[in-house]
Amino acid sequence: MAIVVDLDVQLAKRNMSVGEFAAAVGITPANVAVLKNGRAKAVRFTTLDAICRTLGCQPGDVLRWVPDDEDDENDGNSAVSREKSGAGLVG
């Protein structure tokens, strides 16, 4: 995935636990783990707003784009390959 979630970095900077953060944002600790581990397929703008309000940061402090390696593009796991096969699409 080309979008990296740096939530763990922001939490560490603020000495905030996942539990505290989840409660402040209004999401479950399990969903925080999904975000931190890069397994989220989407984030609602209302959730992103709550994350930024809680951390006092900009969306770019939490999310960043990095290009896929050329090797990833050739192994069938690229976004184009997944889109063509229908894999990885959410609802």
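Colleague: Let me start with a cysteine: is Cys52 buried or exposed?

Modeller: Cys52 counts as buried, at 11% relative accessibility. Keep in mind as we go that this is a predicted model.

Colleague: And which class does Cys57 fall into, buried or exposed?

Modeller: Cys57 is buried too, with a relative accessible area of 9%.

Colleague: How many disulfides does the model have?

Modeller: The general idea comes before the case. A disulfide is a covalent bond between the sulfur atoms of two cysteines. In this structure the count is zero. Cys52 takes part in no disulfide, and the nearest cysteine sulfur to it belongs to Cys57, 4.3 Å away.

Colleague: Let's turn to charged residues. How many salt bridges are found in the whole structure?

Modeller: Again, the general idea comes before the case. Side chains of opposite charge can pair when their charged atoms come close. Here, a search of the whole structure gives two salt bridges. One of them joins Asp6 and Arg64, whose closest N and O atoms are 2.6 Å apart. Asp6 sits in the loop between β1 and α1, while Arg64 belongs to strand β2 (residues 63–65), so this pair ties together parts that are 58 residues apart in sequence.

Colleague: What else surrounds Asp6, leaving aside its neighbours within four places in sequence?

Modeller: With those neighbours set aside, Asp6 is in contact with Asp61, Val62 and Arg64. The side chains of Asp6 and Arg64 also make a polar contact, at 2.6 Å. As for the loop that holds Asp6, it runs between β1 (3–5) and α1 (7–13).

Colleague: How do the two partners read in terms of accessibility? Is Asp6 buried or exposed, and what does Arg64 count as?

Modeller: Asp6 counts as buried at 16% relative accessibility, whereas Arg64 is partly exposed at 40%.

Colleague: Which residue forms a salt bridge with Asp49?

Modeller: That partner is Arg53, with the closest N and O atoms 2.9 Å apart. Asp49 and Arg53 are both in helix α4 (residues 45–55), and because they are four residues apart there, about one helical turn separates them.

Colleague: What are the accessibility values for Asp49 and Arg53?

Modeller: Asp49 has a relative accessible area of 37%, making this residue partly exposed. Arg53, at 65% relative accessibility, counts as exposed.

Notes. Residues numbered from 1 in each chain as written. Predicted model: local features only at pLDDT ≥ 70, side-chain atom pairs only at ≥ 80, totals over all residues. Heavy atoms only, no water. Helix = DSSP H or I, 4+ residues; strand = E, 2+ residues; numbered from the N terminus. Polar contact = N/O pair within 3.5 Å; in protein donor to acceptor, adjacent residues only side chain to side chain. Contact = heavy atoms within 4.5 Å. Disulfide = S-S within 2.5 Å. Buried < 20%, exposed > 50% of the residue type's maximum accessible area, 1.4 Å probe, protein only. Salt bridge = Lys/Arg side-chain N within 4 Å of Asp/Glu carboxyl O.
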